[in-house]
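Take the sequence and the 3D structure side by side and follow the paragraphs below. They go from ring pairs to the core and then to the strands and helices.

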Amino acid sequence: MPAPLSRREWIATTAAAAMTAGTALTSQTVLAEGVNWQAEDAPPKITRRQPIGVSTYSFWQFKPDQKLSIEDCIQKSSAYGFDGVEILHRQMTDETPAGLRSIKQVALREGMPLVGLSTHQTFVSPKPEVRTKNIEHTIHCLELAHDLGIPTIRVNTGTWGTRKNFDDLMAHKGIEEVLEGYTVDQGFEWVIDAFGECARAAEKLGVVMGLENHWGLGRTADGVLRVIDAVKSPWLEATVDTGNFLEEQYTQFEKLLPHAVLIQAKTYYGGGNWYTLDLDYGRYAQLIKASGYRGFVSLEFEGKANASVAIPQSLAMLRAAFAG
């Protein structure tokens with residue numbers, strides 16, 4: 001009766017048999033046994049495609065006749081072929097533990113990671129009670145993200161509120177007057193102090209805040225960076241929106257890329273609800289690749305075309321841009 005094979009002899013015999021059969025050993029098994037690959041046998045380098053998600057906002061756009069549940073949006077996103085879903089907080093209708101479990105279960109069944117929670121807040125107010133209320137709201141959103149397993153939330157500086165409404169703000173390209181009796185520097189001081197407090201909660205919960213170039217003091221890349229640089233926390237970075245830079249779009253976009261934790265990509269099929277930008281996504285894709293950013297690009301469809309047509313059309317366009 002032949003002597004039993006040692007483990008090393010068994011590995012060598014198995015390797016020979018596998019090669020004869022055309023079966024590849026895993027590199028982990030080979031390295032664990034101290035066997036080195038020859039250069040010609042090294043596994044090929046695989047380029048991972050850019051992950052593209054979609055915001056549930058794309059399905060709703062605050063239009064009263066087409067609001068969908070988060071679960072419905074997740075299922076549609078999966079059917080269209082997206083890689084993940086960004087949830088708009090204002091679209092959530094049930095924040096109870098049971099409601100959150102429902103969202104997580106649908107996401108799991110559909111194989112759709114929840115990649116962001118897009119929230120609203122304003123710290124540009126001289127009233128301490130207003131800022132405190134918004135800090136509490138932001139921490140609540142951080143807790144929701146933590147419970148949903150979402151790694152980042154979109155946050156805003158907020159605006160001075162000196163325009164009549166959002167439509168009027170958009171008509172003035174997001175530019176507004178400073179509240180009478182106060183200064184821009186005071187506004188930044190309120191925002192920086194508030195995010196400093198929120199950053200401590202973000203660290204405890206393990207959720208990164210991404211400050212978006214979303215009007216107000218964050219209308220420009222320099223405004224966003226002024227806050228990030230002052231807070232100096234890895235728990236406050238940037239959510240970068242291609243559609244919210246109305247001047248020097250690519251230059252400002254590139255400035256924020258080193259801090260990006262989520263990128264939002266606007267499309268305007270059928271004409272924009274407030275304005276339409278001619279965005280070169282081939283150029284954006286090159287900037288993103290050159291920066292080393294490998295996180296999610298999240299579609300925000302903001303046009304008048306039928307969402308069931310424009311959303312898959314937007315995905316096809318973005319896939320093509322990143323394949324180039």
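Are Phe253 and Tyr284 buried or exposed? Phe253 is buried, and Tyr284 is too; buried means under 20% relative accessible area, exposed over 50%, and partly exposed in between (1.4 Å probe, protein chains only). This is a predicted model, in which local features need pLDDT of at least 70, side-chain atom pairs count only at pLDDT 80 or more, and totals for chains, interfaces and linings use all residues. Residues are numbered from 1 along each chain as its sequence is written, and side-chain values use heavy atoms, with hydrogens and water left out.

A search of the whole structure finds 11 aromatic pairs. Rings of Phe, Tyr and Trp (its six-membered ring) pair if their centres lie within 6.5 Å; planes under 30 degrees apart count as stacked, over 60 as edge-to-face and the rest as tilted. One of the pairs joins Phe123 and Phe195 edge-to-face, at 5.0 Å centre to centre with 85 degrees between the planes. Phe123 lies in the loop between β3 (114-118) and α6 (128-148) and Phe195 in helix α8 (residues 184-205), so this pair ties together parts that are 72 residues apart in sequence. Helices (H or I, at least four residues) and strands (E, at least two) are DSSP runs, numbered from the N terminus. Both Phe123 and Phe195 are buried.

Phe253 and Tyr284 also form an edge-to-face pair, with 4.7 Å centre to centre and 70 degrees between the planes. This pair links distant parts of the chain, 31 residues apart: Phe253 is in helix α10 (residues 249-256) and Tyr284 in helix α11 (residues 281-291). Over the ring of Tyr250 sits the charged end of Arg283, 4.0 Å from the ring centre. A charge sits over a ring if NZ of Lys or CZ of Arg is within 6 Å of the ring centre and within 35 degrees of the ring normal. The charged end of Lys67 is placed over the ring of Trp60 in this sense, 4.7 Å from its centre.

Next comes the core. The largest nonpolar core has 83 residues, and Ile87, Phe195 and Met209 have the most contacts inside it. Such a core is a set of buried Ala, Val, Leu, Ile, Met, Phe, Trp, Tyr and Cys residues joined through side-chain atoms within 4.5 Å. Its largest share, 10 residues, comes from α8. Leaving aside neighbours within four places in sequence, Met209 is in contact (heavy atoms within 4.5 Å) with residues including Leu142, Ile153, Phe195, Ala202 and Trp235.

The strands β1-β2-β3-β4-β5-β6-β7-β8 make a closed barrel of 8 strands with parallel pairing. Two strands pair if DSSP finds at least two bridges between them. Strand β1 (residues 52-55) and strand β2 (residues 84-88) pair in the parallel sense over 3 bridges, and Gly53 stands opposite Gly84 in β2. β5 and β6 run parallel and are joined by 4 bridges, with Leu211 opposite Ala238 in β6. Of the 6 residues of β6, 6 are buried.

Helix α9 (residues 221-231) has buried residues, among them Val224, Leu225 and Ile228. The buried residues of α9 pack against α8, β5 (208-212), β6 (236-241) and α10. Just after α9, Lys232 takes a positive phi of about 55 degrees.
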